[in-house]
Amino acid sequence: MHNFIGALTAVLPLAAAAPYGLGPRDSTPGCTAISFGDFAWTIENFAYYASYTFSTPAHQISGGDVTFNLTNPAFPEKVSCTAYSTWLSDFFYGNINYNCSVPEGSGTKTSFSFSWPSRQLNINQTWSCDDEDPQYPITFGGYGTVNLTLDCKETNYQNPNWQPGQIYSSRVINCAPVTLPLTPHDKTAVA
Ligand SMILES: *[C@@H]1O[C@H](CO)[C@@H](O)[C@H](O)[C@H]1NC(C)=O
Ligand SMILES: *[C@@H]1O[C@H](CO)[C@@H](O)[C@H](O)[C@H]1NC(C)=O
Ligand SMILES: *[C@@H]1O[C@H](CO)[C@@H](O)[C@H](O)[C@H]1NC(C)=O
Ligand SMILES: *[C@@H]1O[C@H](CO)[C@@H](O)[C@H](O)[C@H]1NC(C)=O
């Protein structure tokens, strides 16, 4: 919290500088106060699904996918985050920042990274509030991280009588969706 205020004070003298070109049109009443306050996102229905399919003993078709929605109490839009990877064998290693999608013209940007081995999810989001001074919108950045607890089921199948054209074996990992709040470990504000 202390760092956050410090960062704001340090940056305010540059108030006339262009605020990243993010449109503040999504601002809700109270946007600024909410953003400065005890702020938490909601991660909705985080789900992980992976399948490893061998069409022959030597030919693998495998991929993993992650989906969730993110809501921010400062603005009404729901952000949709999805990623698909075929990078064997865990698919997600926390080293790629995937962009989430928002309705066209939205003034927010959201990205995430995920690691299956550690279940670690990182969220970055920027958004603007113009409810206090429409001429000088404040752009916020939030950074959050959480190690998810996931309830996953694994199903294995091995074709006992495999013939070409059939599936030789498959392994599926399916995790029940989880919904949880996430408080950023860091926030910035630039006016
Ligand atoms: C995200 O929200 C959209 C719109 O409300 C909904 O259609 C979709 O099913 C949600 N996705 C998840 C993973 O909850
Ligand atoms: C996400 O968007 C940024 C620009 O907004 C782009 O530079 C980056 O390559 C995108 N990342 C991915 C994984 O597509
Ligand atoms: C979030 O932003 C930080 C600092 O700019 C960057 O180091 C990190 O890779 C970003 N992570 C995601 C998930 O976009
Ligand atoms: C999350 O997992 C990472 C990697 O396993 C670990 O370094 C970190 O301490 C964990 N964080 C928390 C808050 O448990």
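Predicted model: local features only at pLDDT ≥ 70, side-chain atom pairs only at ≥ 80, totals over all residues.

Modeller: A disulfide is assigned where two cysteine sulfur atoms lie within 2.5 Å. Counting the bonded cysteines along the chain, the pattern is 1-4, 2-3, 5-6.

Colleague: What makes C31 and C129 a disulfide?

Modeller: Their sulfur atoms are 2.0 Å apart; the cut-off is 2.5 Å, and therefore the pair qualifies. The torsion about the S-S bond is -65°, and the link of C31 and C129 is left-handed. C31 belongs to helix 2 (residues 31–36) and C129 to strand 6, so that the pair links distant parts of the chain, 98 residues apart.

Colleague: Why is C31 called buried?

Modeller: Buried means under 20% relative accessible area. C31 has 0% relative accessibility, so C31 counts as buried. C129, with a relative accessible area of 2%, is buried as well.

Colleague: Why is the disulfide of C81 and C100 called right-handed?

Modeller: The torsion about its S-S bond is about 105°, so the disulfide is right-handed. C81 lies in strand 3 (residues 75–85) and C100 in the loop between strand 4 (98–99) and strand 5, so the bond ties together parts 19 residues apart in sequence. The sulfur atoms of C81 and C100 are 2.1 Å apart, and both cysteines are buried.

Colleague: Is C152 buried, exposed or partly exposed, and how do you know?

Modeller: C152 has 30% relative accessibility, so C152 counts as partly exposed. The sulfur atoms of C152 and C175 are 2.1 Å apart, and with 100° about the S-S bond the link is right-handed. C152 lies in strand 8 (residues 152–158) and C175 in strand 9 (residues 169–175), so the pair ties together parts 23 residues apart in sequence.

Colleague: Which side chains have an N or O atom that makes a polar contact with ligand 3, and how do you know?

Modeller: A polar contact requires N or O atoms within 3.5 Å. Among the side chains that qualify, N97 has a polar atom 3.2 Å from an oxygen atom of ligand 3, S111 an N or O atom at 2.6 Å, and N124 one at 2.2 Å. The protein covers 52% of the 360 Å² of accessible area that ligand 3 has on its own.

Colleague: What gives the most to the shell around ligand 3?

Modeller: Strand 5 does, with three residues. The shell divides into two nonpolar, five polar and no charged residues.

Key:
Residues numbered from 1 in each chain as written. Chains lettered and ligands numbered in written order. Heavy atoms only, no water. Polar contact = N/O pair within 3.5 Å; in protein donor to acceptor, adjacent residues only side chain to side chain. Areas by Shrake-Rupley, 256 points an atom, 1.4 Å probe, with all protein chains shown as cover. Helix = DSSP H or I, 4+ residues; strand = E, 2+ residues; numbered from the N terminus. Nonpolar A, V, L, I, M, F, W, Y, C, P; charged D, E, K, R; others polar. Buried < 20%, exposed > 50% of the residue type's maximum accessible area, 1.4 Å probe, protein only.
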